[in-house]
Amino acid sequence: VVFMILERFNESATCLERAISLAPENVNIMLNIGVVYIKLKKYNDGSKYFKKILAVIPTHFSALLNLGLACMDMGRYKEATTHFERALSINPESYEAHHALGRNFKIQGKVEESTFCFEKAMTFKTDYPQNQIYLAINSWIEGSWEECRKHIDHINNKNLCKGNAMNILE
């Protein structure tokens with residue numbers, strides 16, 4: 001875990017692989033190693049661990065969320081949507097899951113659906129800068145400059161990012 005905090009993911013993977021060999025049924029180790037593999041962009045390896053968890057605990061929120069993120073990063077958007085929606089059925093107030101589903105829709109060019117998800121995420125965590133940024137971009141794409149400006153002003157007024165948030169549009 002220390003290596004994960006320090007973002008030394010290769011060392012984390014080595015330690016966690018050793019740990020999983022000693023405790024092959026430990027869900028926490030499986031989750032951590034899956035996350036490490038996602039950080040290393042080894043999406044199939046990470047997915048394997050999330051699927052192992054879900055085989056034992058089908059309603060494991062973090063495994064569903066991370067499996068969705070892995071699928072999204074592999075371009076398997078429909079599968080990612082399924083995992084995010086299952087995660088939201090378990091924890092409908094998760095800003096992370098709403099945000100991830102919004103990103104998934106955004107990548108697919110589904111601006112209206114992504115905006116809905118980002119706005120929903122905002123109801124659970126108002127000062128999550130990534131939501132404000134994506135909402136600003138979606139508003140800009142849709143031609144609503146005032147709405148875009150509202151989100152940018154919120155980011156700047158709350159000091160949610162370094163510098164001026166207007167730079168996201170440049």
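This is a predicted model: local features need pLDDT of at least 70, side-chain atom pairs count only at pLDDT 80 or more; totals for chains, interfaces and linings use all residues.
Residues are numbered from 1 along each chain as its sequence is written, and side-chain values use heavy atoms, with hydrogens and water left out. Local features need pLDDT of at least 70 and side-chain atom pairs count only at pLDDT 80 or more, whereas totals for chains, interfaces and linings use all residues.

The chain has a mean pLDDT (the predictor's confidence in each residue, from 0 to 100) of 85, and 86% of its residues reach 70 or more. Among the helices (DSSP runs of H or I, at least four residues, numbered from the N terminus), confidence is lowest in helix 1 (residues 2-5), with a mean of 48, and highest in helix 6 (residues 77-90), at 98. Over residues 164-170, pLDDT stays under 50.

Helix 9 (residues 129-141) packs against helix 10 (residues 145-157) at an angle of about 160°, their axes lying 7 Å apart. Axes here are lines fitted to C-alpha atoms over the stretch in contact, and angles run from 0 to 180 degrees between N-to-C directions. The two helices are therefore roughly antiparallel (over 145 degrees).

A backbone detail worth a look is Lys-41, whose phi is positive, about 65°, although it is not a glycine. Lys-41 sits in the loop between helix 3 (27-39) and helix 4 (43-56). With 60% relative accessibility, Lys-41 counts as exposed (over 50% relative accessible area, 1.4 Å probe, protein chains only).

Methods. Angles under 35 degrees count as roughly parallel, over 145 as roughly antiparallel, 65 to 115 as roughly perpendicular and the rest as oblique. Buried means under 20% relative accessible area, exposed over 50%, partly exposed in between (1.4 Å probe, protein chains only). Contact means heavy atoms within 4.5 Å.
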